[in-house]
Amino acid sequence: MTLDSRGRGEFKEMRLRKPRRNFKSAAFFPTKNKQMEILKTFALFAVTALAEILGCYLPYLWLKQGHSAWLLVPAAFSLGAFAWLLTLHPQAAGRVYAAYGGVYVCVALAWLWAIDSVRPTVTDIIGVGVCLLGMTIIMFGPRPA
């Protein structure tokens with residue numbers, strides 16, 4: 001309250017500050033809906049990675065291991081599915097591509113183990129963890145409104 005020249009009081013309007021976002025915000029502690037969104041995004045990235053790896057592995061079998069050239073037909077369909085699956089994300093394309101790389105590394109090492117029978121090393125597993133953490137930060141970290 002301030003006083004004018006006659007001694008009468010006048011109330012000034014108080015403005016409240018907008019709360020600042022910090023690391024304890026909802027973006028870092030997801031709700032159930034956000035958790036489901038994270039799972040759906042990860043699953044879509046995993047299916048996308050499988051489509052890309054299959055689309056690249058089939059030509060490899062033809063070129064390096066002497067399999068039939070007919071493998072190029074399903075490879076082309078798989079790569080087409082890969083490109084289409086990347087368009088299903090609602091975020092900006094550059095962010096999707098950057099985050100997808102983290103999941104791709106995870107799926108590629110799973111492929112290495114399941115298909116090529118090469119067991120990942122401890123450093124491979126640590127690297128996958130770092131990549132998945134990066135994907136999560138890129139896709140779900142707080143953004144200015």
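Close-up A. Let us start with Trp62, which is partly exposed, because its relative accessible area is 33%, a value between the 20% and 50% cut-offs. As throughout these views, the model is a predicted one. The place of Trp62 is in helix α1. Together with Leu63 and Leu72, Trp62 makes a nonpolar surface patch of about 290 Å².

**Close-up B. Thr48, a buried residue of helix α1.** Now for another residue of this helix: Thr48 lies in α1, which spans residues 32-65. Thr48 has a relative accessible area of 0%, so it counts as buried. What does Thr48 touch, not counting residues up to four places away in sequence? The answer is Phe82, Leu85, Leu86 and Tyr100. The side chain of Thr48 also has a polar atom 2.7 Å from the backbone oxygen of Leu44.

**Close-up C. Cys106 and Cys131, two cysteines in no disulfide.** Here is a view for anyone curious about cysteines. How many disulfides does a search of the whole structure find? The number is 0. For Cys106, the nearest cysteine sulfur is that of Cys131, 8.8 Å away, and Cys106 is in no disulfide. A disulfide would need the two sulfur atoms to be within 2.5 Å. Cys131 is partly exposed, because its relative accessible area is 25%.

Terms used
Residues numbered from 1 in each chain as written. Predicted model: local features only at pLDDT ≥ 70, side-chain atom pairs only at ≥ 80, totals over all residues. Heavy atoms only, no water. Helix = DSSP H or I, 4+ residues; strand = E, 2+ residues; numbered from the N terminus. Buried < 20%, exposed > 50% of the residue type's maximum accessible area, 1.4 Å probe, protein only. Polar contact = N/O pair within 3.5 Å; in protein donor to acceptor, adjacent residues only side chain to side chain. Contact = heavy atoms within 4.5 Å. Patch = residues over 30% accessible without salt bridge, like charges linked within 9 Å, V, L, I, M, F, W, Y side chains within 5 Å. Areas by Shrake-Rupley, 256 points an atom, 1.4 Å probe, with all protein chains shown as cover. Salt bridge = Lys/Arg side-chain N within 4 Å of Asp/Glu carboxyl O.
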